[in-house]
Amino acid sequence: MLIKKDDLTIRTATPADAPLLGRWWRDGEIMAYSGEPFGLDITDEKVEKQILSCSEDAYCLLVIEKDNQPIGEISYHNMGNKTVQFGIKICVSSMRNKGLGTKFLRILIECLFNRKGFEKIIVDVTPDNIRARHVYEKLGFREKNAIYYQLTKADFLL
């Protein structure tokens, strides 16, 4: 997958991204919002294997870039029944709180609904991640329970 809009890029991760993704995933500060405050115990080799196992039809790991510089990642998983689950992390702290997460999600959601044929998107959010919950609600997601949000194509707010 490769999507470019203005100075933003969403692209499929490659094996060359493994060291950067591994560094981010091992960093507890970055991973805290994903419920992993001590980071993941993962090697670059395991990250590379995960990247190589990606398929746009099943599970896909994407790198997000601003001005051609990697700033974070998105992964999505096809859950069946035209439903997809995804997660996003802005990993470069200086790029947070600038509205970039919302912009990247709008781009990805349009692709998932209009090009990939999904009808529903599910995200799980840690209860204390107020910032993420606000972003998802701004895009039209509706809370399903204390953690899960879902978005139907009809509810997506452009």
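At what angle do the axes of helix 1 and helix 3 cross, and within what distance do they come? I put this to a predicted model, and I noted that the axes of helix 1 (residues 18-26) and helix 3 (residues 44-52) cross at roughly 115° and come within 8 Å. I recorded the crossing of helix 1 and helix 3 as right-handed.

I then looked up which residues make the contact, and found Ala18, Pro19, Leu21, Gly22, Arg23, Trp25 and Arg26 on helix 1, with Asp44, Val47, Glu48, Gln50 and Ile51 on helix 3. By class, I listed six nonpolar, four charged and two polar residues in the contact of helix 1 with helix 3.

My next entry concerns the largest pocket, for which I noted a volume of about 990 Å³. I found 41 residues lining the largest pocket, and Ser34, Gly87, Ile88, Lys89 and Tyr136 are those that lie nearest its centre. Among the elements that give two or more residues to this lining I noted helix 2 (28-31), strand 3 (59-66), helix 4 (100-114) and helix 5 (130-138), while strand 5 gives the most, with six residues. Sorting the lining of the largest pocket by class, I wrote down 20 nonpolar, 13 polar and eight charged residues.

Notes: Residues are numbered from 1 along each chain as its sequence is written. This is a predicted model: local features need pLDDT of at least 70, side-chain atom pairs count only at pLDDT 80 or more; totals for chains, interfaces and linings use all residues. Side-chain values use heavy atoms; hydrogens and water are left out. On a 1 Å grid over the protein atoms alone, a cavity is a set of points where a 1.4 Å probe fits but cannot get out, and a pocket is an open set with protein on both sides within 12 Å along at least five of seven lines; lining residues have an atom within 4 Å of a point. Grid points are joined across faces, edges and corners, and a volume is the space filled by probe spheres set on the points. Helices (H or I, at least four residues) and strands (E, at least two) are DSSP runs, numbered from the N terminus. Ala, Val, Leu, Ile, Met, Phe, Trp, Tyr, Cys and Pro count as nonpolar, Asp, Glu, Lys and Arg as charged, and the others, Gly among them, as polar. Axes are lines fitted to C-alpha atoms, for helices over the stretch in contact, and angles run from 0 to 180 degrees between N-to-C directions. A crossing is left-handed if the near helix is turned anticlockwise from the far one by less than a right angle, and right-handed if clockwise. Contact means heavy atoms within 4.5 Å.
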